[in-house]
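This report describes the fold of one protein chain for a reader who has its sequence and structure at hand. Please keep both in view while reading.

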Amino acid sequence: MVPDSDETIANTAPSRRRSTVASVARPVQRGATVSAGIYRDLRNDILALRRKPGEAIAEKVIAQDYGVSRTPVREAVLKLADEGLIEIFPQSGTFVSRIPLGALPEAIAIRRVLEEASVRYAAQRATRSQIARLRVCLEVQHERETAGDHEGFHQADEDFHALLAEVAGYPGFWTLIQQVKVQIDRYRRLTLPVLGRMGVVVEEHKAIVDAIAAGNPEGAVQALNTHLDDLESTIADAQKANPRYFSVT
């Protein structure tokens, strides 16, 4: 959907462009190409909602921030467009894509299949030390919740699910999941500031770990499905609270 003209004007104003992401030069990692570094930073900003859905992408400003020509910026933008994180409208400009409502249920379904296998295998194979590591993950999540650290909580959540795949003996499961859940990640970050939401997630994760510790594969799958069902059921609430961040396609 092409942004409204008034939104385009608001989002392309210089002060608006620079308010979300500070206009300071960010060094590219040694050994990485300039384009790859810009791609990584833009992608992280989009997934973390530091660049909001519908916000204009000013390639000239980004090039100035990094002290480079527009060519590597354009390469990074095109790669992000291929991932569905940026939309390019020849007559209107380049914008962070809105979160596609229609893509979320399918992405959650794919994640569900792979994570059901992860927790099932984990319940069959987990060692005492691995269970202890899972419980440490829960403690980190609780600490981040108490601190009101949404971004830290998101990373602790990611670490927990990655560890589930590792305990299962198939860390590649999480690699595959990460490839399909980029839009889920943006949506999930909208839910974390909701009062009590982080605490609910911690309790759902605890139920998964308890089932794994008990050697109960079916219980682990059931706890995981409760967790993912809750994630899917809150999509409508997130859309209602942030209507301009979503598209219906």
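In helix H6, the residues Leu-104, Ala-107, Ile-108, Arg-111, Arg-112, Leu-114, Glu-115, Ser-118, Val-119, Ala-122 and Ala-123 are buried, where buried means under 20% relative accessible area, exposed means over 50%, and partly exposed lies in between (1.4 Å probe, protein chains only). Helices (H or I, at least four residues) and strands (E, at least two) are DSSP runs, numbered from the N terminus. The model is a predicted one, in which local features need pLDDT of at least 70 and side-chain atom pairs count only at pLDDT 80 or more, while totals for chains, interfaces and linings use all residues. Residues are numbered from 1 along each chain as its sequence is written, and side-chain values use heavy atoms, with hydrogens and water left out.

The expected span of a helix is 1.5 Å times one less than its number of residues.

One of the buried residues, Glu-115, is found in H6 and has a relative accessibility of 1%. Glu-115 touches His-161, Leu-164, Trp-174, Ile-177 and Leu-224, not counting residues up to four places away in sequence; contact means heavy atoms within 4.5 Å. The C-alpha atoms of Glu-115 and Phe-173 are 7.5 Å apart in space, although the two residues are 58 residues apart in sequence.

An α-helix has 3.6 residues a turn, so residues three or four places apart point the same way.

Helix H5 (residues 70–82) can be described in a similar manner. Its 13 residues should span 18 Å, and its end C-alpha atoms are 18 Å apart, which agrees. Which residues of H5 are buried? They are Pro-72, Val-73, Ala-76, Val-77 and Leu-80. Seen down the axis of H5, they fall within an arc of 140 degrees, so they line one face of the helix. On the other side of H5, Thr-71 and Asp-82 are exposed. The buried residues of H5 pack against helix H3 (34–47), helix H4 (59–66), strand S1 (86–89) and strand S2 (93–96). Just after H5, Gly-84 takes a positive phi of about 80 degrees.

A positive phi also occurs at Leu-49, with a value of about 65 degrees, although Leu-49 is not a glycine. Leu-49 lies in the loop between H3 and H4 and is buried, with a relative accessible area of 7%.

Helix H7 (residues 128–147) and helix H11 (residues 197–213) pack at an angle of about 170 degrees, with their axes 10 Å apart. Axes are lines fitted to C-alpha atoms, for helices over the stretch in contact, and angles run from 0 to 180 degrees between N-to-C directions. H7 and H11 are therefore roughly antiparallel to each other; angles under 35 degrees count as roughly parallel, over 145 as roughly antiparallel, 65 to 115 as roughly perpendicular and the rest as oblique. The residues in H7 that meet H11 include Ile-131, Leu-134 and Arg-135, and their partners in H11 include Met-198, Val-202 and His-205.

Further along, Ala-214 is found in the loop between H11 and helix H12 (217–233) and is exposed, with a relative accessible area of 60%. Thr-249, in the segment after strand S4 (246–247), counts as exposed at 65% relative accessibility. Thr-249 touches Pro-100, Leu-101, Gly-102 and Ala-103, not counting residues up to four places away in sequence.

| Pair | Apart in sequence | C-alpha to C-alpha |
|---|---|---|
| Glu-115 and Phe-173 | 58 residues | 7.5 Å |
| Ala-214 and Ala-123 | 91 residues | 7.5 Å |
| Thr-249 and Gly-102 | 147 residues | 5.3 Å |

For the protein as a whole, there are 13 helices and four strands. Of its 249 residues, 47% count as buried. Among contacts between residues at least 6 apart in sequence, 77% join residues at least 24 apart.

Notes: The arc is that of the directions from the helix axis to the C-beta atoms.
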